[in-house]
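Here is a short briefing to read alongside the model below.

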Amino acid sequence: QINQNVTVTAFNRNISDWANMNLRGDNILFSPGGNEKVRIQRGGGISFNGDTATANALDDYEEGTFTPTLRDATAYTYQDGDYTKIGDMVYFYIRIQASASSPSSNPWVIQGLPFTSANDDVFGGAFRSFGRNVFSSTASDAINFHIGKNSSEIQCRLGSNGTSHVATNNTSFVSLNEEIILQGFYKPAGG
């Protein structure tokens, strides 16, 4: 443990172009030009531009993959998921296509998100950037992709207010055996 401030200063040929790294208590500060730009906080996390509030510190960053599944699908052509978690938000990309399925009256759902969503009213969702045979002909038939509370799945809902579920056997709107690409975001449980 450091009981006093320690400063490391680096100079460039131009005297106005200098940087300090300060070990102040248990914080590490980077101050190019004498102005604090980055702080590694004692309790964890990184803050920027002189901000000392723990609540504002970036304390989590993660990238990874996951394997999404479609309800009622039995085999897959594509089954890819990538995510980036930054702070208290998860951003994801899904490419999925079933090669075999047994459609039923079950709701059309993509399961297996990398984190369970938070139990609050900050809902998540996704948008379709590609989808063969995922139809919507009018605003009242709009297809919405919704992530609810305490959930690790994306629900396909129908209607401008997104209240009706789309069944996996409803070929008027979806075909499980067609490729779909989604991107979206949500707030995970535990931030």
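Strands β8 (residues 73–86) and β9 (89–101) run antiparallel and are joined by 12 bridges; strands pair if DSSP finds at least two bridges between them. This is a predicted model, in which local features need pLDDT of at least 70 and side-chain atom pairs count only at pLDDT 80 or more, while totals for chains, interfaces and linings use all residues. Residues are numbered from 1 along each chain as its sequence is written, and side-chain values use heavy atoms, leaving out hydrogens and water.

**Strands β8, β9 and β15**
- The hairpin of β8 and β9 has two residues between the strands, and Gly87 takes a positive phi near 60 degrees there.
- Across from Arg95 in β9 stands Asp80.
- β9 also runs antiparallel to β15, with seven bridges joining them.
- Ile94 has Leu182 in β15 as its bridge partner.

**The nonpolar core**
- The largest nonpolar core has 22 residues, and among those with the most contacts inside it are Phe92, Ile94, Ile154 and Leu182. Such a core is a set of buried Ala, Val, Leu, Ile, Met, Phe, Trp, Tyr and Cys residues joined through side-chain atoms within 4.5 Å.
- Elements giving two or more residues to this core are β8, β9, β12 (143–147), β13 (153–158) and β15 (180–186).
- β9 gives the most, with five residues.
- Beyond its neighbours within four places in sequence, Ile154 is in contact with residues including Phe92, Trp108, Phe145 and Leu182; contact means heavy atoms within 4.5 Å.

**Aromatic rings and charges**
- Searching the whole structure gives four aromatic pairs. Rings of Phe, Tyr and Trp (its six-membered ring) pair if their centres lie within 6.5 Å, with planes under 30 degrees apart counted as stacked, over 60 as edge-to-face and the rest as tilted.
- Tyr83 and Phe115 make an edge-to-face pair, at 5.4 Å centre to centre and 90 degrees between the planes.
- That pair links distant parts of the chain, 32 residues apart: Tyr83 sits in β8, and Phe115 in the loop between β10 (109–111) and β11 (124–131).
- Tyr83 counts as buried because its relative accessibility is 10%, whereas Phe115 is partly exposed at 22%. The cut-offs are under 20% relative accessible area for buried, over 50% for exposed and partly exposed in between (1.4 Å probe, protein chains only).
- Ring pairs join Phe66, Tyr83 and Phe115 into a cluster.
- Lys85 lies over the face of Phe115, 5.9 Å from the ring centre, and Arg95 lies over the face of Tyr78, at 3.4 Å. A charge sits over a ring if NZ of Lys or CZ of Arg is within 6 Å of the ring centre and within 35 degrees of the ring normal.

**Strands β3 and β4**
- β3 (residues 27–32) and β4 (residues 38–40) run antiparallel with three bridges between them.
- Phe30 has Val38 in β4 as its bridge partner.
- Five residues separate the strands of this hairpin, and Gly33 in the turn has a positive phi of about 70 degrees.
- Which residues of β3 are on its covered face? Asn27, Leu29 and Ser31 are, while Ile28, Phe30 and Pro32 are on the uncovered one.

**The whole chain**
- The protein chain has zero helices and 15 strands, where helices (H or I, at least four residues) and strands (E, at least two) are DSSP runs numbered from the N terminus.
- Of its 191 residues, 34% are buried.
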